Amino acid sequence: MEIANVAKTAEGAPETGVPGGIDESWKECTGRGVSIAIVDSGIELTHTDLRGKIRSSSEAVKEGKRIIFRESESGDAAGHGTACAGVVMGIAPDAEIHSIKVLGSAGIGDGDSFLAGLEFAINRGHRIINLSLGTTKAQYAAPLRDLLDRAYLAGCIVVSAANNLPQPSFPSVFSSSLIAVSKDVEKDPFEFGFRFGEVIEMTAPGVNVRTTWTGNSYKTVTGNSFACPHISAVLALLLEKYPEMTPFQAKSALFTIAKSRSAE
Amino acid sequence: MGGEPTDKVLEAIRKVVETVEVAEVLTTPFNESIENLLDLSSKSIKAEGASVLIPEGEEGDLVFKWACGSVSDSLIGVKIPSGKGIAGFVYTTGQPMAVSDAERETNFYSEVDRNTGFSTHTILATPLQFDGDVIGVLEYVNRDGDPPFEPFTPEEMDLAALYADAVASLVRAYKSADVLGEFSRRILESADGEGSQDVEAFFAGLEASAEHKDRIRLAELVRRASSLGEKERALCEEILGSFVRYRDGGGA
């Protein structure tokens, strides 16, 4: 895919920096054929809105000092993964969601399992990896950076939630190889923002988001971690339209789309 | 434990009590500061109640350690299993979040509400971070007045993060001050021989007694009165002594 394809090649709209404006047809896509890994607390597979839509469900298990992944039917320990899946489904209903549970199982939930889950998602070659998680522990910064480099080279687009705390959260503060997102009051998933030059580059709807929750229920939630799956889902639409899109191009496309909208 | 404690046991009890008293003196200012900050911040965030959860035990369970609001007394000491519920998620991920409609929460909060008689509708949970580590969770629940409550706003979420920074420092300081108390508990746990078992049994018997909470309240009153000054301590001793002598003498 060439980034120029996102922008129409017709004349006009020079103020957006994109001759001819933006090709809007990707918004009609449903994410078909695009795999999204949700590395989180698991997903409630039996939820009415999600039943049959979760292509695989794995969970981290400690085997001695190693962390391995096995098929999981244990659902969601906290509700968070189910909430993220609901956000994705609302925008990209045909995306292939893969649940990678790294939180909530007995003895699991530390930074090591988080890293192992990310590595598992990269090894599986998922096109989009949704990380509504983070760690402020400095010892995980270097291994996370290595994993993100691997993701970048493997063509996996990693979308990570920022935090709103004084301490930097990894990997959201890495600027080169992933897309970091913080919450915005917008309701329209296509009304995302791009703040070029800031550590956390993107904003997306993350305030009072109505989404799926455990117990076959729904909740209204607020947080950067719910802005994150909005961008993952938008990327699924773009990737359906442009399957060859690389992580670098994905970031450029989001920037171009956001910039063109703000110029309108 | 059968019969009266031996001199050896009494001496061990005295040492434990002394250590706990020192720990209490050291931790009380932090306890009070955290409670004051919870009170102040819950007013500022317009929440009905606030609480701090910290990890306990090797499994990483969270326990309500400090709280303000209508059910704070029954909330303190309640445990959340590791990684469960909103607080468990916030603790393990370091990601703050707010949830409305929490009364329909199917896992943990319904259980907490059943135990406390409280009805949780909205929650704002923020991690307590210190030196890169998540050391607990700061939670705000509901609003003043009657439901339905307005959801917590992004601005209140950011404000909660600032309070969390201050609370985290106090919790860290509290834990440092509590080292002495922890030390005495470990001595009790690790000491071998019949003496340590007897000391343990003595405290277990105290805690199991129906009037345990009354005694603790009375002890707290005496402690507070004693801390007012030398004259006040003497007066307190005289009043209590007179009362005991009166009762011993058969007074009604």
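Helix 2 of chain A, residues 80–91, lies across strand 10 of chain A and strand 4 (97–99) of chain B. Helix 2 runs at about 120° to strand 10 of chain A. This is a predicted model. Both strands belong to an open sheet of eight strands, ordered 10(A)-11(A)-4(B)-5(B)-6(B)-1(B)-2(B)-3(B).

**Sheet**
- The pairing in this sheet is antiparallel.
- Strand 10 (209–213) of chain A and strand 3 (79–80) of chain B stand at the edges.
- Each of these two has a single partner strand, so one side of each is left without a neighbour in the sheet.
- In chain B, strand 1 (residues 47–56) and strand 2 (residues 61–68) run antiparallel, joined by seven bridges.
- Ser51(B) stands opposite Ala67(B), a residue of strand 2 of chain B.

**Helix 1 of chain B on the sheet**
- Helix 1 of chain B, residues 7–44, packs on the sheet.
- Its contacts there are strand 1, strand 2 and strand 6 (133–143) of chain B.
- The direction of helix 1 makes about 75° with that of strand 2 of chain B.

**Nonpolar cores**
- The largest nonpolar core has 101 residues.
- Ile129(A), Phe192(A), Ile231(A), Leu235(A) and Leu254(A) have the most contacts inside this core.
- Helix 5 of chain A, residues 224–241, gives the most to this core: eleven residues.
- Leaving aside residues up to four places away in sequence, Ile231(A) touches Val159(A), Ile179(A), Val181(A), Phe192(A), Met202(A), Ala204(A) and Leu254(A).
- Another core, of 27 residues, lies apart from the largest one.
- Among the residues of this other core are Leu128(B), Phe152(B), Ala164(B) and Tyr174(B).

Terms used. Residues are numbered from 1 along each chain as its sequence is written. Chains are lettered from A and ligands numbered from 1 in the order in which they are written. This is a predicted model: local features need pLDDT of at least 70, side-chain atom pairs count only at pLDDT 80 or more; totals for chains, interfaces and linings use all residues. Side-chain values use heavy atoms; hydrogens and water are left out. Two strands pair if DSSP finds at least two bridges between them. Helices (H or I, at least four residues) and strands (E, at least two) are DSSP runs, numbered from the N terminus. Contact means heavy atoms within 4.5 Å. Axes are lines fitted to C-alpha atoms, for helices over the stretch in contact, and angles run from 0 to 180 degrees between N-to-C directions. A nonpolar core is a set of buried Ala, Val, Leu, Ile, Met, Phe, Trp, Tyr and Cys residues joined through side-chain atoms within 4.5 Å. Buried means under 20% relative accessible area, exposed over 50%, partly exposed in between (1.4 Å probe, protein chains only).
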